[in-house]
Amino acid sequence: MGIWDPIRFVTEDGTTIYKMFINGEWVESENKETFEVLNPANNELVARVQKATINDCEKALNAAFNAKKTMEDLEAYKRAEILEKISELILENKDDLVDTIVSETGKPIKLAEGEVKATAERYKYAASEAILLLRGEFIEGSMSPHKVGMLGMVVRKPMGVLLAISPFNYPLFIASAKVAPAIAAGNSVILKPASANPIIAIKLARIIELAGIPKGAFNLITGGGKDVGDYLVKSEKVDMISFTGSSQVGKHIASTAGMKKLHLELGGKTPALVLKDADLDLAAKECVKGALKFSGQRCDAVSRILVEREVADEFVKKVLEEVKKWKMGDPRDPKTSVGPLINRWAIEKVDSLVKDAISKGAKLLMGGKYTNLYYEPTVLDGITEEMRIAWEETFGPVIAIMRVNSYEEALDIANRSEYALDGCVFTKDMNKALDAALRLECGSVTINAAPSHGLGLFPFGGDEESGMGREGIKESILEMTRLHTIVLRKR
């Protein structure tokens, strides 16, 4: 029997149908209803996936709730062994996982390969942290005259049931960036992936099953967010929600979740400040990479460039030369750098922003057209504050250049955004670089490079409309635990 046989079946007409994973079993939805998953590159049917009912959700909630004690009592070294095994199985099945990401996400194959490799590394890091991080601490009471003779023991306990809701853009890695620390911390998990491309998460569930996760400790639900997602979010059986996605949905979750711990990584509008003393070759290369990687469908994408006027003409020339190196085409071609957007809604959103900017005076220097779901790498110069693209999240392969009169003006415009996830600054003056890093109002600032969250070695997360909480190899596990204090009288 093949590794994927239990998770799917093929109908008489040749359609592959994937199942859900609830309480240690691979199941169809209660009413057998399914939905299509289409390939963004050619609009062909990849497979059909279960559309969960409320009763399916309740079964998953009960399974995770009943497994809470099992996971909390599971020794840290055993949780680490499960995480190590997940990492091994991901690498053993790398080619199939890469193919799945390319097929249902339209991600260029070289980026898909990087995502699978990074995911395997993320589980290995989580395995190490499961052993090293959850040690707790002792606090000597003699430091306070009111607590002399007392000893405090502070331990970290799992939150309980964690609901992980992951987005389409990094369907394997971001799901795993929630699941791996949750398991490391001793939580049970319900994963709900994006409906646009849930097959890779279904395969991840199979790998987690084979790695030896206790029955009920990991569950996977597929289906629409409005009914299924809301039901899971509102459930009193859920102790924590970790969500990555749009600010609109994040605020909806926050308004309906009730008294649960929330971790929300939401939208971004990353400004890149290009100062007049910057290395313009470096700045152009990094800004283009930051804007075009995975067609700009990233919360940390460089979404607006604020360049000082003295160097703007030269900078724009270098940007145009750099964009020519980015080939748009078939995601399966190793030379492709820019593939399709995820769906029709995404294309229409990007095109509306571009057209709005042009109608208000922006200069279209390159691109600005699309075929099917392929939007050409686009360069707009002369962006002004009246244009929607100056403020709205783009999530497409558009380089929006705004010319500013000074460093202070660039800072002011950057900080007036409602988003506060990432920012970056390009300058040879380290004093000014650090000044910008401290004054830019966002969770992370990168100096002389485009932002990239990567494995989470450096903590990241948003403020304001960009969310709450921080992620990272260490920080995610801490977020997914609660402090428990024990005070002992010594004498």
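Helices here are DSSP runs of H or I with at least four residues, strands are runs of E with at least two, and both are numbered from the N terminus. What you have above is a predicted model, where local features need pLDDT of at least 70, side-chain atom pairs count only at pLDDT 80 or more, and totals for chains, interfaces and linings use all residues. Residues are numbered from 1 along each chain as its sequence is written, and side-chain values use heavy atoms, leaving out hydrogens and water.

Let's start with one arginine. Where does Arg206 sit? Look in helix α7, which covers residues 199–210. Arg206 counts as buried because its relative accessibility is 9%; the cut-offs are under 20% relative accessible area for buried, over 50% for exposed and partly exposed in between, using a 1.4 Å probe and protein chains only.

Two packed helices are described by the angle between their axes and the distance between the axes. The axes are lines fitted to C-alpha atoms, for helices over the stretch in contact, and the angles run from 0 to 180 degrees between N-to-C directions.

| Helix pair | Angle | Axis distance |
|---|---|---|
| α1 (residues 54–66) and α8 (residues 225–234) | about 30° | 10 Å |
| α10 and α11 (residues 309–323) | about 55° | 9 Å |
| α13 (residues 407–415) and α14 (residues 430–439) | about 25° | 11 Å |

To put words to these angles: under 35 degrees counts as roughly parallel, over 145 as roughly antiparallel, 65 to 115 as roughly perpendicular, and the rest as oblique. With an angle of about 30°, α1 is roughly parallel to α8. The angle of about 25° between α13 and α14 makes α13 roughly parallel to α14. α10 and α11 are oblique to each other.

What about handedness? A crossing is left-handed if the near helix is turned anticlockwise from the far one by less than a right angle, and right-handed if clockwise. α1 passes α8 in a right-handed crossing, the crossing of α10 and α11 is right-handed, and α13 passes α14 in a right-handed crossing.

Now for the residues that touch, where contact means heavy atoms within 4.5 Å. In this tally, Ala, Val, Leu, Ile, Met, Phe, Trp, Tyr, Cys and Pro count as nonpolar, Asp, Glu, Lys and Arg as charged, and the others, Gly among them, as polar.

- From α1, Ile54, Cys57, Glu58 and Leu61 meet Asp227, Val228, Tyr231 and Leu232 of α8. That contact of α1 with α8 has six nonpolar, no polar and two charged residues.
- On the α10 side, the residues include Leu280, Ala284 and Leu292, and on the α11 side they include Val311, Phe315 and Val323. By class, the contact of α10 with α11 has ten nonpolar, no polar and five charged residues.
- Tyr407, Glu408, Leu411 and Asn415 of α13 make contact with Lys432, Asp435, Ala436 and Arg439 of α14. Here the contact of α13 with α14 has three nonpolar, one polar and four charged residues.

## Glu286, a charged residue in α10

Is Glu286 buried or exposed? Glu286 is buried, with a relative accessible area of 11%, and it is found in helix α10. Its side chain makes a polar contact of 3.4 Å with the side chain of Lys289. Setting aside neighbours within four places in sequence, Glu286 is in contact with Phe426, Asn448, Ala449 and Ala450.

## Some loop residues

Most residues other than glycine have a negative phi. Phe294 is not a glycine, yet it has a positive phi of about 45°. Phe294 lies in the loop between α10 (280–292) and β15 (302–308) and is buried at 1% relative accessible area. Lys32, also not a glycine, has a positive phi of about 65° and is found in the loop between β4 (25–27) and β5 (34–38).

Finally, Phe395 is in the loop between β19 (378–381) and β20 (398–404). Phe395 is partly exposed, with a relative accessible area of 23%. Leaving out residues up to four places away in sequence, Phe395 touches several residues, among them Phe168, Ser295, Arg298 and Leu341.

How values were computed: A polar contact is a pair of N or O atoms within 3.5 Å; within protein, one must be able to donate a hydrogen and the other to accept it, and residues adjacent in sequence count only if both atoms are side-chain atoms.
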